[in-house]
Amino acid sequence: MVYSFVVVAFTALLAGFPAVRALSNGVAKLPALGYNTWNAYACDIDENTILTTASLMKSLGLQDVGYTHVNLDDCWAEKNRSAEGLLVPDTTRFPSGFNNMTAQLHAMGFQAGIYGDSGWFTCAGYPGGFENEAIDAATYQGWGFDYLKWDNCAIPFDDIILQGTLGKYQRMSDALIQLSLESGQTPIIYSLCQWGWSQVWLWGAQVGHSWRVDGDIEANWASIASIINFASFITQATNYYGRNDMDILEVGNGILTYDETKTHFTAWALMKSPLLIGTNLSAITPETLEILSNSEIVNINQDSVVGTSISPFRWGLNADWTSNDSYPAQYWSGPSENGTVFMLLNTLDEPADMFFNLTESPWIRAGRQYAVRDLWTHTDNGTAVRNFTATDVPVHGVVALLLQDAGDEPAGIYPLCSVWYQCTAENGTNVDGA
């Protein structure tokens, strides 16, 4: 489905966009990198699965690239709380208890993550956390967990909850902050798995460290394209301590082609989404491992100087500001510690050449030339002057570039302005179209 936004109305929306007031409590300045169990295992999880996955992350070199979280998703609990109202791990699947498991993860150099729900029950029907936020926060911390994914199932009736989605998520945020103040321990990272229509990107940074922007990802191109399209309109919500979460990486799962997989990973990384692998690592292919291990892409996701996402500077196939689930924006850029990042997405169903003027990106200076680094071929590809063309970009493929200022452009270049609109000489002569 295609929607053409009225530019005036959309501009007014952006003008009213609140400044990001991040939950700056000393953790999660950068996106989380690691593993989440749900996409590969769903409810078929146990202690051995978690520890084996962590061992594989080390042996495959993923920990060295920066993947340091191992996060347990739904279905880990007994179906009922204890007589004292406490959550209880499934004693069959986690016979050693969580303290032993998290201690082993920490000893291996990982952080440990757990899952809960803001409603009466989790999405798989296990005990939820509504009205138990403080006791559950203390339980998670006591078990040694560093990260909490907080879901959105089994929502209480309005006359019970007496607040909107923001208030429902604020309850656990307040509990985690208070727990940290009282215990003196490092705050638990708080990831909002809020996938309803509550405009979470407007308020997420006041409550948590990341927030889901769309429904659950699926292992197909239509799902990837739809999420990229939706996220393209809210990139300004991402900065340090607060970011759009585009969901778990489907790298290596499903029916994505190699080029679609590269596009998926590149878009998630350069938009500064958390990068949580959802692939069964015991069956990982060399091609998948190569994609996940692209340190040049990961380093931009983990940029310690620039926390913002890349954003579209031209939609390409569609008019600018057009929402199209199947054909999202194609031309993106943004600043980084080491230069200007460009992402070109070929959303078409055939290979295509992709051309742009450098100064279409707001991060590029007129009158300068730029050294071009290809972040997938890992090669230096000469110097770009005024424009750049990527040739024969594969179907649903991606080009990721880092452009670094290489000094003034060569003398004598014509035309006098790379973009002719209002190109004017010192005497006032307008040279448009000359």
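Let me begin with a term. A residue is called buried when its relative accessible area is under 20%, exposed when the value is over 50%, and partly exposed in between, with a 1.4 Å probe and protein chains only. By that criterion Arg368, with a relative accessible area of 18%, is buried.

Two remarks on conventions are needed. This is a predicted model, in which local features need pLDDT of at least 70 and side-chain atom pairs count only at pLDDT 80 or more, while totals for chains, interfaces and linings use all residues. Residues are numbered from 1 along each chain as its sequence is written, and side-chain values use heavy atoms, with hydrogens and water left out.

I turn to the salt bridges. The term stands for a side-chain nitrogen of Lys or Arg within 4 Å of a carboxyl oxygen of Asp or Glu. How many salt bridges does the structure hold? The number is 13.

Arg368 takes part in one of them: its partner is Asp405, and the closest N and O atoms are 2.9 Å apart. Asp405 lies in strand E18 and Arg368 in strand E15, so this pair ties together parts that are 37 residues apart in sequence. Helices (H or I, at least four residues) and strands (E, at least two) are DSSP runs, numbered from the N terminus.

Asp405 also forms a salt bridge with Arg365, where the closest N and O atoms are 3.4 Å apart. Arg365 lies in the loop between strand E14 (352-357) and strand E15 (368-374), and Asp405 in strand E18 (residues 398-408), so here the parts tied together are 40 residues apart in sequence. Arg365 is partly exposed at a relative accessible area of 49%, and Asp405 is partly exposed at 36%. Arg365, Arg368, Asp405 and Asp408 are linked in a network of salt bridges.

For this region there is also an annotation. UniProt, in an unreviewed entry, lists residues 328-403 as "domain: Alpha galactosidase C-terminal". UniProt positions are given in the numbering used here, feature names are shortened, and annotations may be inferred rather than shown by experiment. In the model, residues 328-403 are 0% helix and 61% strand, and their end C-alpha atoms are 23 Å apart.

The side chains of Glu133 and Arg171 meet in a salt bridge, at 3.1 Å from N to O. Glu133 lies in helix H6 (residues 133-143) and Arg171 in helix H8 (residues 165-183), so the pair ties together parts that are 38 residues apart in sequence. Is Glu133 buried or exposed? Glu133 counts as buried, at 5% relative accessibility, whereas Arg171 is partly exposed, at 28%.

The axes of H6 and H8 are 9 Å apart, and the helices pack at an angle of about 55 degrees. Axes here are lines fitted to C-alpha atoms, for helices over the stretch in contact, and angles run from 0 to 180 degrees between N-to-C directions. H6 and H8 are therefore oblique to each other; angles under 35 degrees count as roughly parallel, over 145 as roughly antiparallel, 65 to 115 as roughly perpendicular and the rest as oblique. The crossing of H6 and H8 is right-handed: a crossing is right-handed if the near helix is turned clockwise from the far one by less than a right angle, and left-handed if anticlockwise.

Contact means heavy atoms within 4.5 Å. The residues of H6 that meet H8 include Glu133, Ala137 and Tyr140, and those they meet in H8 include Arg171, Ala175 and Leu179. The buried residues of H6, among them Tyr140 and Trp143, pack against helix H5 (97-107), strand E4 (111-117), strand E5 (147-151) and H8. Just after H6, Gly144 takes a positive phi of about 95 degrees.

A second pair is helix H10 (residues 221-231) and H11, whose axes come within 11 Å and cross at roughly 25 degrees. That makes H10 roughly parallel to H11, and their crossing is left-handed. His264 is found in helix H11 (residues 258-270) and counts as buried at 0% relative accessibility. Apart from neighbours within four places in sequence, the contacts of His264 include Ile217, Ile224, Glu250 and Leu256.

Finally, Asn25 is placed in the loop between helix H1 (7-15) and strand E2 (33-36). Asn25 is partly exposed, with a relative accessible area of 24%. Not counting residues up to four places away in sequence, Asn25 touches Pro187 and His209. Asn25 and Pro187 are 162 residues apart in sequence, yet 7.1 Å apart in space, C-alpha to C-alpha.
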